[in-house]
Amino acid sequence: MKNIVNIINFIRGIEPREGRNINLIEPVQEQIRLLRENNLQGTFLIQYDAMLQKDYIQLMKKCKNFCEIGIWLEIVQPLVEKVGEVWHGRYPWDWHNDVGFLV
């Protein structure tokens with residue numbers, strides 16, 4: 001029997017919790033470093049708000065030889081406003097399922 005492991009990393013571009021000054025790019029850089037260091041392949045799923053940031057795009061270009069890149073379709077404020085709708089969430093990314101998920 002062959003074991004298969006798929007390492008999936010989710011990339012979010014917004015930290016919605018007030019008072020938390022978190023660099024969201026550093027964990028992605030570290031994940032890429034660990035994949036490369038351990039000769040592993042992985043998947044990065046990018047949320048819309050992260051796709052708008054050039055830093056994330058540059059990181060994904062650097063790891064395209066050993067990473068699969070995909071879209072993480074979770075509804076966020078920038079995406080809602082881009083299509084001309086009104087955002088009803090409490091934060092730009094809201095985990096409350098009435099506004100943030102495709103149900």
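The buried residues of helix α3 are covered by several elements, including β1, α1, β2, α2 (48-51) and β3. Contact here means heavy atoms within 4.5 Å, and helices (H or I, at least four residues) and strands (E, at least two) are DSSP runs, numbered from the N terminus. This is a predicted model, in which local features need pLDDT of at least 70 and side-chain atom pairs count only at pLDDT 80 or more, while totals for chains, interfaces and linings use all residues. Residues are numbered from 1 along each chain as its sequence is written, and side-chain values use heavy atoms, with hydrogens and water left out.

Let us stay with α3 for a moment. Its buried residues include Y56, L59 and M60; buried means under 20% relative accessible area, exposed over 50%, and partly exposed in between (1.4 Å probe, protein chains only). These residues lie on the same side of α3 because they cover an arc of only 100 degrees around the axis. The arc is that of the directions from the helix axis to the C-beta atoms. On the other side of α3, K54 and K62 are exposed. Helix α3 also holds D55, which counts as partly exposed because its relative accessibility is 48%.

D55 and I25 are 30 residues apart in sequence, yet their C-alpha atoms are 7.6 Å apart in space. Helix α1 covers residues 25-37, 13 residues in total, and reaches 18 Å from its first C-alpha to its last, close to the 18 Å expected at 1.5 Å a residue. That expected span is 1.5 Å times one less than the number of residues.

In α1, the residues I25, V28, I32 and L35 are buried. They sit on the same side of α1, because their arc around the axis is only 90 degrees. An α-helix has 3.6 residues a turn, so residues three or four places apart point the same way. The partners that the buried residues of α1 pack against are β1 (7-11), β2 (42-47), α3 (54-62) and β3 (67-72).

Just after α1 comes N39, with a positive phi of about 55 degrees. Most residues other than glycine have a negative phi. N39 belongs to the loop between α1 and β2, and counts as exposed because its relative accessible area is 71%. Another exposed residue is V5, placed in the segment before β1; V5 counts as exposed because its relative accessibility is 70%. V5 and Q41 are 36 residues apart along the chain, with 9.6 Å between their C-alpha atoms.

Here are the two C-alpha pairs side by side.

| Pair | Apart along the chain | C-alpha to C-alpha |
|---|---|---|
| D55 and I25 | 30 residues | 7.6 Å |
| V5 and Q41 | 36 residues | 9.6 Å |

Now for the whole protein. It has five helices and three strands, which follow the pattern β-α-β-α-α-β-α-α along the sequence. The C-alpha trace spans about 45 × 35 × 25 Å along its principal axes. Of the 103 residues, 36% count as buried. Among contacts between residues at least 6 apart in sequence, 68% join residues at least 24 apart. The protein exposes about 7400 Å², and carbon and sulfur atoms supply 51% of that area; accessible areas come from the Shrake-Rupley method with a 1.4 Å probe, and for residues only the protein chains shown count as cover.
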